[in-house]
Amino acid sequence: MNKKTAVITGASQGLGKALALAFAKEGYALGICARGEERLKDARREVEQLGAEVAAVQADVTDSKDVERFISIVEDRFGRIDVLINNASTFGPGPTLLADYPAEEFRDVIETNIMNPFLVTKRVLPGMLTRGDGSIINVSSEVGKYGVAEWGAYSVSKFGVEGLSAIWADELEGTGVRINTVDPGEMDTVMHDIALPDCDYELAQPEDVTGVFLHLAASDDNGERYEAQTFDVKGASV
Amino acid sequence: MHAFTVPDELNAQTPAEQVHDRRDQVRLMAIDQHHSITHSRFQELDEFLSPGDLLVLNNSRTIPPVLQASQGNQSIEIRLSRKRSDDQWEALVACDFFSLDTPLTFNDGVEAVAIGHGSEHPLIVLEFSIGGSALLDFIYSHGEPVRYEYIEEPFPLETYQTVYGSVPGSVEMASAGRAFSWQLLQKLKQQGVKTAFIQLHAGLSYYEKDRWPSPEQHPEAFAVPEETARLIEETRRAGNRVIAVGTTVVRALESAVNPHGEVESAEGTTNLYVDEGYTISAVDGLLTGFHEPEASHLHMLTAFLPKKKLMNAYREALLQGYLWHEFGDMNLILK
C-alpha cells in the first residue's frame, strides 16, 4: 500500500501509453483507462511486463458514472492516488476554419476536452485533499496558448483547460495538492496526423517527452505551465 | 423506544444544492452542554466551534449496492450490505419468495449463490462468480444507490456522496457530513478548527417491513489511522474538543479506545452498540442529522444527552420544521 499510484486517462495509445510505461518504470502502480477495450488490454499487458501493478478500466471519462467507477476501482485496489494525468482528449475534424466548423462537432470537442479533466479531477481530489498531498497534471497544447488557424475546437478547448488549471491551482494553494499544465509539443501520434495530415518535418516521439511529467509528479510546483520539449531535467523550463 | 412521528412534509426529499445552489445551505440546531438549544444555519457552524477543536469525518465513499437479479422467471432486488471477502457480500434479498438453493443470475453472466445466513436475519451471504476489481466494476456498472420511499426522484449516486468521501465501501451514505462543502471546511480551517478522517463502511440501515438492524449484530468495517488517533490525543491534551461528524465516527472512535481511555489507531470490524448506558470517552460532541424513532442512531444520541432532554429537543425540532433524513438539516450536540 506504500507504493505510489498514478492515474492516466486515455492511456491506450500515444502520449497516454508512453506515460503509463514511463511511470511503471519508475515503480508506480497504475490506474489507466480508455474507451477502446482491445487497445487498453494491450497497454495493460505492456505495463504489466514492466512489473507494475495496473488497474485497467474501460471507461469514457466524459461520463461522470464511468469516472466514478474508474476512480473508485483504482482507490479500492491501491488505497490512494498520488498523481493524476488528465491526458484523454479528442481532436474533432481535421484542419477546419472556425467559420466552416460544424456546430455539433464543436460542442462535442469542447465538452469532451473540458468536461473530462473537470470530472476526473473533481473525483480524485477528495482523496488527495484528505491526505494533503497529490499532483495533478493537465495535458494542454501550444494551441492552448496561441490561436492558430484551422486548429478549431481542439484549440479552443485547450484554452479552456489552461483556464481550468489556473483557477484550480489558485484554489488549491496551500492544501498540499498541486495542479500544473504541460504542453507536450508536436509529437508523432494519431492525433497529430489528424491535425496536420500533410506534416513533412520530423516529430518527437511520445516517449521523449515524459520527463517533465515525472518531474511534476514529485515536485512542489503549483500553477506552472511547462513545455515538455524544452524541459530541462535540472528544473528549468525555457 | 422513542415515540414521535415525523410528518411527511419534514422528510427532506431534495438535496440542498438543488434547492439553494449549495449543499451547506441547511439549518443547524445546536444543543450545548447545558442542553440549551440554539437555532442557526449550518454555514454558521464556526460560531459553535473554537480554534483547536477537531472535527472527525468519515471519508468512506458510497457505492451503488442495489442490484437486479433473476431466479428463473422471477426478478429479485438484491441490496448489498457488507463486503465479507473478495467475492462474498452480506445482502438483503428484497423479495418474499426466493430459493436459497438456486443461483441468482445477474447481468453480464454474473451469478451468485447463497452460502449461508448473514450476521442477522434477514441478511444472507452471497458468493459471486467474480471477485475483486471485476466485482466492483460490475457493481458500479449495474448498481443503483439505496433510495428510501420518502425520496421521490431517482437521484444519481453522486447525490449520495460527501465532498470528501474517497474510500469506496459504504452501501449507504455516511450522511452527517453531506452538508459540508469544501468552502465551509476551508472557512473552519482558517478559523483554526482542525479536521481528521476515519473510515467506517456503513451497512444497510433498514431491512424493509419494519425490520431494523440491531447494532450488536451489525458488524461494520472500520479504520482509525494513526494520524487521526494522534490528532485526537493532541486535541484533548490541549483542552480542546473532539467533535464526531456522524454516528459512524462515534462507533469507529469508541471502538478504537484502549484500556487507558485513549484513542489509538485501529482497523477491523466493530459490533459496538452505543446507547444510553454507554459512557462516551473518545469524543466531546456529535454533529448528526435528525433520526427516525426506530433508528439505532437515535439510541446513540442518548449517550450524549439524557433521553428526556433529547426528546424535548426533537419536539422543538419538529415544531421548528427541521428536515429529517440524509438530505435534511443538522444537529450539533455538545457534551
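Helix 5 of chain B (residues 247-255) is largely enclosed by the rest of the structure, because nine of its nine residues are buried. A residue counts as buried if 20 or more other C-beta atoms, placed from the backbone, lie within 10 Å of its own. The buried residues of helix 5 of chain B include B:Thr247, B:Arg251, B:Glu254 and B:Ser255. Helices (H or I, at least four residues) and strands (E, at least two) are DSSP runs, numbered from the N terminus. The model is predicted: local features need pLDDT of at least 70, side-chain atom pairs count only at pLDDT 80 or more, and totals for chains, interfaces and linings use all residues. Residues are numbered from 1 along each chain as its sequence is written, while chains are lettered from A and ligands numbered from 1 in the order in which they are written.

Strand 17 of chain B (residues 330-334) is mostly covered, with four of its five residues buried. Two strands pair if DSSP finds at least two bridges between them. Strand 17 of chain B pairs with strand 1 of chain B (residues 27-31) in the parallel sense over four bridges, and with strand 16 of chain B (residues 285-288) in the antiparallel sense over four bridges. B:Asn331 in strand 17 of chain B is the bridge partner of B:Met29 and stands opposite B:Thr288.

Between the chains, 14 residues of chain A are in contact with 16 residues of chain B, contact being C-beta atoms, placed from the backbone, within 7 Å. On the side of chain B that touches chain A, helix 2 of chain B gives the largest share, five residues.

Technical notes:
Two residues are in contact if their C-beta atoms, placed from the backbone, lie within 7 Å. A residue is buried if 20 or more other C-beta atoms lie within 10 Å of its own, exposed if 12 or fewer, and partly exposed in between; C-beta atoms are placed from the backbone.
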